[in-house]
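Please keep the sequence and the model in view while reading.

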Amino acid sequence: MLKEIKILSDHGKQFISDLRTQPVSARFRGRPVISSGITTEEIEKACAICPVDAIDRRNGSIDLGRCSFCNECALLMPDAIRFTNDYRIAANRREDLTVMPGQTAAMRLEETAVRKDIRRLFRRSLKLRQVSAGGDNSCEMELSASGNVNFDLGRYGVEFVASPRHADGIVITGPVTENMSEALEICYEAVPSPKVIILVGTDAISGSLFEGSPAVKRGFIESHQVDLYVPGNPAHPLTFINGIMDMLGL
Ligand code: SF4
């Protein structure tokens with residue numbers, strides 16, 4: 001018995017009591033800040049090094065739906081671009097994932113764009129079916145972590161379920177490969193209405209490195225309304241959890 005108590009004591013407190021303000025490592029790359037004084041020459045250099053065309057040549061903005069958070073642009077020009085460790089970067093409108101030069105404000109969901117039936121029906125219980133549509137298991141692992149003893153997303157009644165018939169929505173990871181496109185449609189159709197669509201990770205949001213590949217077929221994403229975009233490569237559990245909490249109005 002004493003041995004067990006000592007083990008518990010050594011583990012310390014693992015449960016994160018406040019998922020909104022939990023500090024993370026300073027090295028974590030979350031919301032970028034781009035200098036308002038970034039020059040045309042610096043933008044050109046950043047565009048040249050960016051592997052996924054996430055930087056807009058016209059104004060130097062960064063699209064977090066495309067960014068792989070590789071940090072190369074910030075390493076090249078630390079005075080012009082830096083990544084903060086702010087993990088609250090989810091959005092419910094695709095255009096809100098673009099960070100402009102000089103923008104320092106926190107990123108939050110657009111309240112008027114949250115579907116009313118989501119909060120009315122799912123605020124106290126949201127069951128989700130995860131579909132890995134060509135994912136590399138990185139975002140999938142982070143999603144699994146969101147339910148572990150540390151993050152405990154289940155405290156809000158949000159859980160992953162085994163069958164789409166028991167789910168209120170789907171969480172898509174991966175760029176949506178051709179082999180998974182039909183399975184994704186079938187899974188979505190099996191979820192009772194009204195239903196939620198959440199994209200997790202840069203691959204799901206834009207295709208990222210795989211954009212334009214003949215092995216990718218993104219018709220589903222383009223033809224459905226998405227309720228929540230969760231950027232990251234992979235997305236951090238706190239980014240996913242805070243996005244869900246904002247969407248549900250918790
Ligand atoms: S951190 Fe993002 S914007 Fe910068 S080079 Fe990498 S992918 Fe491009």
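## Counting the pairs

How many salt bridges does the count come to? In this predicted model, the count comes to 15 salt bridges. As background, side chains of opposite charge can pair when their charged atoms come close.

## A pair within one helix

The side chains of K6 and D10 form a salt bridge, with a distance of 3.0 Å from N to O. Both residues belong to helix 1 (residues 2-11), and because they are four residues apart there, about one helical turn separates them. K6 is exposed, at 51% relative accessibility, and D10 is likewise exposed, with a relative accessible area of 53%.

## A pair between a helix and a loop

E44 and R57 also meet in a salt bridge, in which the closest N and O atoms are 3.4 Å apart. Since E44 lies in helix 2 (residues 40-49) and R57 in the loop between helix 2 and strand 2 (62-63), the pair ties together parts that are 13 residues apart in sequence. E44 is partly exposed, at 37% relative accessible area, and R57 is partly exposed too, at 48%.

Are D246 and R88 buried or exposed? D246 counts as buried at 13% relative accessibility, and R88 counts as buried at 15%. Their salt bridge brings the closest N and O atoms to 3.1 Å apart, and the pair links distant parts of the chain, 158 residues apart, with D246 in helix 9 (residues 237-248) and R88 in the loop between strand 3 (81-83) and strand 4 (98-99).

Key. Residues are numbered from 1 along each chain as its sequence is written. This is a predicted model: local features need pLDDT of at least 70, side-chain atom pairs count only at pLDDT 80 or more; totals for chains, interfaces and linings use all residues. Side-chain values use heavy atoms; hydrogens and water are left out. A salt bridge is a side-chain nitrogen of Lys or Arg within 4 Å of a carboxyl oxygen of Asp or Glu. Helices (H or I, at least four residues) and strands (E, at least two) are DSSP runs, numbered from the N terminus. Buried means under 20% relative accessible area, exposed over 50%, partly exposed in between (1.4 Å probe, protein chains only).
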